[in-house]
Amino acid sequence: MIRILFANIIRILENGMIHSPYTGILIPVGSSNDSIIGTSHLFEHLLLSNFNNSGQFGFTTEDYIAIIVKHCEYLYLLDLIRKMRISNKEIRKEKNKIMLEIEEKRKSISEIFFKIIWADTIYQNSPLGCAHSINAIQRLDLIKKKEQILKLPIYTNNKQKEIAYNIKESVARGALFTVLFKRSLSINKREYGVIYFLNDLDYLILATEILKIANPNKHIQISIKKKLCAIIIQWGSVFPEYRNMNAFMTKAIQKMNIEINKMNENVFKRILFSLESFYYYELA
Ligand SMILES: [Zn+2]
């Protein structure tokens, strides 16, 4: 079953590689690697402003910086990062933009929800940074960030061959759930059990789907990060009985296939999903 699921993901990756006039770029630094929270985010803004073509956007998560631009060769990209402008004037300008973003996000329901879910872990800080930390970032911090990035693998959807080669290895890899810890949380007057795993994403995503189908009236959600994964389960949810598991699994896979097909219609989502998969499965 899982292999079928994984084969589907690979199929999207391959489609994503071939038919797109856009280049997705994933740089494996995010707020969980920041010594001053928000440095990766500010770096993303500066890098984006160094691209002169239109139709581009970017964002920063706890694990990575993602940028989508019109077609851009890998070597050109590396050169652009190497030579990018990091001037005090640009830094001031982008800091101002980030302050507005922070102000906007502060009231967002999902921002508040996930702040509680990830509290006391390496993912507890918002990747945006906060007003205090953004103010503290100096030009030198950004130059250091750039040097760090140039030593890391940068994931783009232009590097097809290497990826096809690596997929085999990852299929051969076995699956293991490793529960790190569990806790009970009360959020918005609802009680939740949250289980934190070391990743084996295929299985965890599938398990979440099965739980959702078994508990249509409960809030069940998965939050995926590179080094940890949280399954959020509202109290009162039930696990299906083992003898019914196959039927639930079939339904869950059908549901996920529908989601995957929907995603295929959106080129940006497809590129981002494929880059994220490469990074999370360490395929590149
Ligand atoms: Zn931003």
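This is a predicted model: local features need pLDDT of at least 70, side-chain atom pairs count only at pLDDT 80 or more; totals for chains, interfaces and linings use all residues.
Now look at contacts between residues at least 6 apart in sequence: 75% of them join residues at least 24 apart.

**Stop 1: the sheet with β1**

Select β1 to β4. These four strands form an open sheet, ordered β2-β3-β1-β4, with antiparallel pairing. Residues 57-60 (β2) and 155-156 (β4) are the edge strands, and each pairs on one side only. Next, pick β1, residues 22-27. Two bridges join β1 to β4, and the two strands run antiparallel. Zoom in on isoleucine 25. Across from it, in β4, stands threonine 156.

**Stop 2: helix α2**

Which residues of α2 are buried? Show side chains for Thr39, Ser40, His41, Leu42, Phe43, Glu44 and Leu47. What covers these buried residues includes strands β2 and β3, plus helices α3 (74-83), α4 (88-105), α6 (131-136) and α7 (139-150).

**Stop 3: the sheet with β5**

Move on to β5 to β8. Here four strands form an open sheet in the order β5-β6-β8-β7, and the pairing is antiparallel. The edges are β5 (178-187) and β7 (220-224); each has a single partner strand, so one side of each lacks a neighbour in the sheet. Neighbouring strands are turned by 20° against each other on average, direction ignored.

Now select β6 (190-198) and β8 (229-234). Six bridges join this antiparallel pair. Find tyrosine 192: glutamine 234 in β8 stands opposite.

Bring in helix α5, residues 109-117. Helix α5 packs on the sheet and touches β5, β6, β7 and β8. The direction of α5 makes about 130° with that of β5.

**Stop 4: helices α9 and α10**

Start with α9, which lies across β6, β7 and β8 and runs at about 165° to β7. Then select α9 (201-214) together with α10 (245-264). The two helices pack at an angle of about 105°, and their axes are 9 Å apart. Angles of 65 to 115 degrees count as roughly perpendicular, so α9 is roughly perpendicular to α10.

Which residues make the contact? On α9, show Leu206, Glu209, Ile210, Ile213 and Ala214. On α10, show Phe248, Met249, Lys251, Ala252, Lys255 and Met256. Color them by type: eight are nonpolar, three are charged and none is polar.

How values were computed:
Residues are numbered from 1 along each chain as its sequence is written. Axes are lines fitted to C-alpha atoms, for helices over the stretch in contact, and angles run from 0 to 180 degrees between N-to-C directions. Angles under 35 degrees count as roughly parallel, over 145 as roughly antiparallel, 65 to 115 as roughly perpendicular and the rest as oblique. Two residues are in contact if their C-beta atoms, placed from the backbone, lie within 7 Å. Ala, Val, Leu, Ile, Met, Phe, Trp, Tyr, Cys and Pro count as nonpolar, Asp, Glu, Lys and Arg as charged, and the others, Gly among them, as polar. Two strands pair if DSSP finds at least two bridges between them. A residue is buried if 20 or more other C-beta atoms lie within 10 Å of its own, exposed if 12 or fewer, and partly exposed in between; C-beta atoms are placed from the backbone.
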